[in-house]
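The entries follow in the order in which I looked things up.

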Amino acid sequence: EIMPSLVGSEMCIRDSNDYSAISSTGKTGIWSIYSLPVYNEVGEKIKYTVTELGFKQSDGTYKIPEYYFHDEPQTVELTENTTTSVSFKNSHKLGSLLILKSSSDKVVDGIYFEVKSLTDGFEYDEYVATNSKGMAQLENMEVCNADGEEILYEIRELGFKQADGTYKLPKRYVSKEPEQFSFNADNMKPGRKATYTYTLHNSLRLASLNVNCLLYTSPSPRD
């Protein structure tokens, strides 16, 4: 009994005696195979290797979507009159965003940021505010879209939230341009989220003032 977490994906089973079969797990996500031999001709247990292939493509190949981690092939031996289960777990590739905000006047609490997707066909638009330490975080962000392309995000500093629902950055700060980022899906590992750290410092708008002091000398009186 083979149970992948990707319902409907194709699985392949092979043994050391050139037996092989490919089948879809269907709507149940389970592929049950009956009457498999336990021993070979010389009385040795047969080793079966199960591989998750993914979804069948139009060109006849198979592919697991890029936004999933997938397990390596598993090799098992069967026990007579017993059902052996082989499970595959496909965890989602997710990322998180950490915002670290600082400013020249130490005001860092309650600054809002907008994070949105720039990738066509993938909608994402979230607002997040910094805490008293100037930190904010977004979790469980998608790394790839349905086509396996890395999603491009943009982060923009908005400022303080106003009574009318709009946002405003005080004029005393030098504003920053939006920044674009994505998560590196190829370097991600199961059980570890990719974190993108965005650091922003708001400097105060400053100017210089020159003061010229002139010494005025009164003319000497005439004799």
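**Entry 1: a loop residue, Asn-81**

I started at Asn-81, which sits in the loop between strand 6 (74-77) and strand 7 (86-87). I looked up its backbone and found a phi near 60°, a positive value in a residue that is not glycine. For residues other than glycine, phi is mostly negative.

**Entry 2: confidence**

I noted that this is a predicted model, so I looked up the confidence before reading on. The protein has an average pLDDT of 87, and 91% of the residues score at least 70. Which elements have the lowest and the highest mean pLDDT? Strand 1 (residues 2-3) is lowest with a mean of 64, and strand 9 (residues 112-117) is highest with 98. I left strand 1 out of the entries below.

**Entry 3: other loop positions**

I looked up Ser-35 next and placed it in the loop between strand 3 (20-24) and strand 4 (47-56). Ser-35 is not a glycine, yet its phi is positive, at about 60°. With a relative accessible area of 78%, Ser-35 is exposed.

I also looked up Lys-171, in the loop between strand 13 and strand 14. Lys-171 counts as exposed at 73% relative accessibility. I took its C-alpha distance to Arg-205, which is 34 residues away along the chain, and got 8.0 Å.

I traced an open sheet of three strands and wrote down the order 11-8-15, with mixed pairing. Strand 11 (135-142) and strand 15 (194-202) are the edge strands, each pairing on one side only. On average, neighbouring strands of this sheet are turned by 15° against each other, with direction ignored.

In what sense do strand 8 (residues 94-103) and strand 15 pair? The pairing of strand 8 with strand 15 is parallel and runs over nine bridges.

**Entry 4: Ser-96**

I stayed in strand 8 and picked Ser-96. Its relative accessible area is 3%, so Ser-96 is buried. Which side chain does the side chain of Ser-96 meet in a polar contact? I found the side chain of Thr-195, at 2.9 Å.

I then listed the contacts of Ser-96, leaving aside neighbours within four places in sequence. The list includes Gln-137, Leu-138, Glu-139 and Met-141. Those four numbers fall within the range 135-142 of strand 11. The list also includes Phe-183, Ala-194, Thr-195 and Tyr-196.

**Entry 5: Ala-194**

From that list I looked up Ala-194, a residue of strand 15. Ala-194 has a relative accessibility of 19% and counts as buried, because the cut-off for buried is under 20%. Phe-183 is 11 residues from Ala-194 along the chain, and I noted 6.6 Å between the two C-alpha atoms.

**Entry 6: strand 12 and its partners**

I moved to strand 12 (residues 153-161) and went through its pairings. Strand 9 and strand 12 pair in the antiparallel sense over six bridges, with Ser-117 opposite Tyr-153. Strand 12 also pairs with strand 14 (residues 179-181), again antiparallel, over three bridges. Here I found Tyr-153 opposite Phe-181. I noted Tyr-153 as a position that faces both Ser-117 and Phe-181.

Strand 13 (residues 167-168) pairs with strand 12 over two bridges, in the antiparallel sense. The bridge partner of Lys-161 in strand 13 is Tyr-167. The hairpin of strand 12 and strand 13 has five residues between the strands, and in this hairpin Gly-165 takes a positive phi near 90°.

**Entry 7: cysteines**

How many disulfides does the structure hold? I counted zero. Cys-144 is buried, with a relative accessible area of 3%, whereas Cys-213 counts as exposed at 77% relative accessibility.

How values were computed:
Residues numbered from 1 in each chain as written. Predicted model: local features only at pLDDT ≥ 70, side-chain atom pairs only at ≥ 80, totals over all residues. Heavy atoms only, no water. pLDDT = per-residue confidence, 0-100. Pairing = 2+ DSSP bridges. Axes fitted to C-alpha atoms, helices over the stretch in contact; angles between N-to-C directions. Buried < 20%, exposed > 50% of the residue type's maximum accessible area, 1.4 Å probe, protein only. Polar contact = N/O pair within 3.5 Å; in protein donor to acceptor, adjacent residues only side chain to side chain. Contact = heavy atoms within 4.5 Å. Disulfide = S-S within 2.5 Å.
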